[in-house]
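Colleague: I would like to learn how to read surface charge and backbone angles in a model such as this one. Could we go through some cases together?

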Amino acid sequence: MTPGQRRRCFGLLRSAGDVWACVLEVNGWRRGRRDVPLSGYQELCRELAASGPGTFAELDSTGARSVLRRFSDAWFAAAKRRSAGDVSARFPRRRRGLVPVRWYHGTFTLDGRRVRIRTAKGTSALWVRLAREVPYPVEQVRSVTLLCEGGRLFLDVTAEVPVAVYPPGEQRDPGRVAGVDLGIIHPYALAGPDGEGLLVSGRAIRAEHRMHLADTKSRRRAVSRRAPKPGQMGSRRWRQYRRRVRLVEGRHRRRVRQAQHEAARNVISWAVDQRVGVLHVGDPRGVLDLPAGRRHNLRLRQWQIGRLLQVLTDKATLAGISVRLVDERDTSSTCPACRMRVSKPRGRTLSCPHCAFSGHRDLVAAASIATRVPGGGSTTPAAVVLPEVVTHRRAGRHLPGAGRSRRDPRRPAWAARGSVGPRRPAPPPGGESLAQQARIHNTHRKPGER
């Protein structure tokens, strides 16, 4: 876009921030007088109409009302959480410099890659050109949202997409249930009804988080001497550094978000091939309330459980698959053969000392989750069917340095900890390999057998 278009777009976002700040200030006055705060959407719209036209520069009434809708939704969401007993929920009281603005169907014009954004009456029309084509027909687009992330302008397009329709004989079967176990190393681990399993590796995503944290720390150490003192105006070099930090943070978030979408797409594609109609997903959000130390708390925040659930639910809905949240407690530490409690292993293999069962920990958890019902508690009423054929997929191939290795893709070879061990001799020509035999983890004895 041209410098003038960029200046006008940022002006709209800053005017939306002024609307947000005005609502906070009005509620602050009412709170000082011990009056009821303005939280309803209709009440806020009446206050906006009383302010008169031209109060917020080029921002029109539709864009200002979208900010009021955002504030009202945030206020009532916090009130609902507090009424449910969550005392950590806070009402929106923080000012924002740039607030996203949304225009609904009929208030904008979409012509190929050109979009006309509605502005206040009496101002010139604002046309912007998109970086790529909109992947939806014009009649399906319902709203566009102008937002800024990492110093870059984006136009978020929301469209009404119909649910997938399958030919006769290939519809989703509601009786075929698959269990989904969420994790960090494996974002999604699935156990299907016919002994089929799926493991989506997220090691590249974890490496992106680690390397981004290391790069951020080294960058901060390098510029710590140039940091301005409290109350001192920053230099031009410092402003350039801050701009670079925002760009890097935005790029990191986009990379991780794209990898999460790829992982969810692999799950739904596998479920469609298996004609799965219902996904039982273990809800691990209860672990977020448990203090586990500084390092592990950071891992849990980088896990982004809510986003994984939301992305999976959206893609499953488009594919005609139902998603149900169940209790996943003790699924990774209970033997599916003898139902005895075992200590949670540090690796990926769960071994039972009571019945000599051995299997993949995430697949065992997914198979146990498939047998549980929503609201049924932490019990496994039915027999657990373990996967015998496992499909492996990897998410985040677009990340820098991600290759075929399962290890950290951006970590140099000389930085690996520990010894690589003795070199194995080359196999004789035409003979068998000298490597150790692979251990099959899905074989186990049934209770009562010897």
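Modeller: Let us begin with Arg210, which lies in helix H4, and keep in mind throughout that this is a predicted model.

Colleague: Is Arg210 buried, partly exposed or exposed?

Modeller: Buried is the word for residues under 20% relative accessible area and exposed for those over 50%, with partly exposed in between. Arg210 has a relative accessible area of 45%, so this residue is partly exposed.

Colleague: Which residues form the positive surface patch?

Modeller: A patch takes in residues with over 30% relative accessible area and no salt bridge, and like charges are joined within 9 Å. Here the positive patch is formed by Arg210, Lys217 and Arg221, together with Arg294, Arg295 and Arg299. Two or more of the patch residues come from helix H4 (203–223), and two or more also come from helix H6 (294–303).

Colleague: Turning to the backbone, which phi does Arg275 have, and where is Arg275 found?

Modeller: Arg275 is not a glycine, and yet its phi is positive, at about 55 degrees. This arginine is found in the loop that runs between helix H5 (236–273) and strand S10 (276–283). With a relative accessible area of 33%, Arg275 is partly exposed.

Colleague: And what can be said of Asp330 in terms of phi and relative accessibility?

Modeller: Asp330 is likewise not a glycine, and its phi is positive, at about 65 degrees. Asp330 sits in the loop between strand S11 (322–327) and strand S12 (349–351), and its relative accessibility of 27% makes it partly exposed.

Note on methods
Residues numbered from 1 in each chain as written. Predicted model: local features only at pLDDT ≥ 70, side-chain atom pairs only at ≥ 80, totals over all residues. Heavy atoms only, no water. Patch = residues over 30% accessible without salt bridge, like charges linked within 9 Å, V, L, I, M, F, W, Y side chains within 5 Å. Areas by Shrake-Rupley, 256 points an atom, 1.4 Å probe, with all protein chains shown as cover. Salt bridge = Lys/Arg side-chain N within 4 Å of Asp/Glu carboxyl O. Lys, Arg positive; Asp, Glu negative; His and termini not counted. Charge placed at Lys NZ, Arg CZ, Asp CG, Glu CD. Helix = DSSP H or I, 4+ residues; strand = E, 2+ residues; numbered from the N terminus. Buried < 20%, exposed > 50% of the residue type's maximum accessible area, 1.4 Å probe, protein only.
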